[in-house]
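Reader: I'm new to this one. Can you walk me through it? Keep it short.

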Amino acid sequence: MSKIGIIGMGHVGADLGNTLCQAGQVDELVIIDKKADKITAEALEYQDAMLSTNQTVKIFTQDVELLKDADIVVISFGSQSIDNEDRTSELKDNAASVREMIPQIVSTGFRGIFLVISNPCDVITALVQEVSGFPAHRIIGTGTSLDTNRMRRIVGQEFGVSPQSVEGYVLGEHGESQFVAWSTVRIGSQLLTDTYDVSQEKLEWMKEETRLGGWHIHQAKGWTSYGISSTAARIIQSILKDEQKIYPVSTWDKTKDIFLGYPAVIGKQGVVKRLELALTDEETAKYQKSAVKIKSFFEKV
Ligand SMILES: NC(=O)c1ccc[n+]([C@@H]2O[C@H](COP(=O)([O-])OP(=O)(O)OC[C@H]3O[C@@H](n4cnc5c(N)ncnc54)[C@H](O)[C@@H]3O)[C@@H](O)[C@H]2O)c1
């Protein structure tokens, strides 16, 4: 029996709930939002849609107490204040929501895993850990997993291969200081920078396109949701099925004492272990810069 809670059922939370229901990925779903009418409507929509896909997921609404025995609680609340190209503009409102909601969830006796999507993702993940008091391995932010998918899409397009055959990671902040760790990027099993005649300008352009990936979508439709909800669904599956798959999630780095995007093995217990990448000196410096930035925002909340 698997049970997932989603707190914050806007574009992202609602899409995630739909993804989980359509795939029959969970047995029970508890959905919570400040907007009670929207929650009622989403529950009805999920039930209507599941008739066509022949899935059965029990939907519960607006009851925090039911999270007591949930496997995972997803944090996807948001504020409307997101500024173009600055995810940190949501910090004040989302930090207030963490302080309002996390103690309520913890006081139910919940002992599962928090999966954090809300922005600024790394800072909110760190705050959820601090407020919950949970061990760091049970707090996971989606981190740079979506950015990594965007990088794979762009590299695949540029080099004429399926993005699914592109491996590698975007690391650091899910935000402006993120970077592509080119020392990890492979097409097939071949290192991109060794195998292809690729200029520094081209690498820089692909990195910028990756960073701007969310904003291109955001500018046109006002939000992004399918990419992050399917990414979150994959992480949820790795936890529920103890798959031990590797995702570049926002995870606690003990040497930096903060959460930021780095590949980790994800299983039933949350973060099983972090990889040990052999980054170049330049990449190590960029990772450090991201850590300093996230920490400085964390210290403000
Ligand atoms: N990590 C990523 O890669 C990624 C990608 C896309 C969006 N996001 C973030 O996800 C969050 C949600 O985005 P969205 O587009 O769904 O926003 P949205 O504005 O559509 O929805 C936010 C929802 O949260 C609810 N809410 C706010 N405070 C709450 C609280 N204290 N308790 C319960 N519900 C609360 C609101 O009522 C609203 O329904 C934002 O922070 C956004 O920046 C992250």
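Author: Let's start with a helix pair. Helix α3 (residues 91-107) packs with helix α4 (residues 121-132) at an angle of about 35 degrees, and their axes are 9 Å apart. Axes are lines fitted to C-alpha atoms, for helices over the stretch in contact; angles run from 0 to 180 degrees between N-to-C directions. Helices (H or I, at least four residues) and strands (E, at least two) are DSSP runs, numbered from the N terminus.

Reader: What kind of model is this?

Author: It is a predicted model, where local features need pLDDT of at least 70, side-chain atom pairs count only at pLDDT 80 or more, and totals for chains, interfaces and linings use all residues. Residues are numbered from 1 along each chain as its sequence is written, and side-chain values use heavy atoms, with hydrogens and water left out.

Reader: Back to α3 and α4. Which residues make the contact?

Author: From α3, they include L91, V98 and I102; from α4, they include I124, L127 and V131. Contact means heavy atoms within 4.5 Å. By class, this contact has 11 nonpolar, 2 polar and 2 charged residues. Ala, Val, Leu, Ile, Met, Phe, Trp, Tyr, Cys and Pro count as nonpolar; Asp, Glu, Lys and Arg as charged; the others, Gly among them, as polar.

Reader: What about α1 and α2, at what angle do they pack?

Author: About 30 degrees, with axes 9 Å apart; α1 covers residues 11-22 and α2 residues 36-53. They are therefore roughly parallel to each other, a label for angles under 35 degrees. Their contact residues include G13 and G17 of α1, plus Y46 and M50 of α2. The classes there are 5 nonpolar, 5 polar and 2 charged.

Reader: Switching topic. How many residues surround the ligand?

Author: 25, and the closest are H11, V12, D33, Q80 and E90. The cut-off is a heavy atom within 4 Å.

Reader: Which oxygen or nitrogen atoms of the ligand pair up with H174 and T142?

Author: For H174, a polar side-chain atom lies 3.0 Å from a ligand oxygen. For T142, a side-chain N or O atom is 3.2 Å from a ligand nitrogen. K34 uses a backbone N or O atom, 3.4 Å from a ligand nitrogen.

Reader: Where is the cis peptide bond?

Author: Between N119 and P120, with omega about -10 degrees. P120 sits in the loop between β5 (113-116) and α4.

Reader: And what is phi of N54?

Author: Near 60 degrees, a positive value in a residue other than glycine. N54 is in the loop between α2 and β3 (58-61).

Definitions and conventions:
Angles under 35 degrees count as roughly parallel, over 145 as roughly antiparallel, 65 to 115 as roughly perpendicular and the rest as oblique. A polar contact is a pair of N or O atoms within 3.5 Å; within protein, one must be able to donate a hydrogen and the other to accept it, and residues adjacent in sequence count only if both atoms are side-chain atoms.
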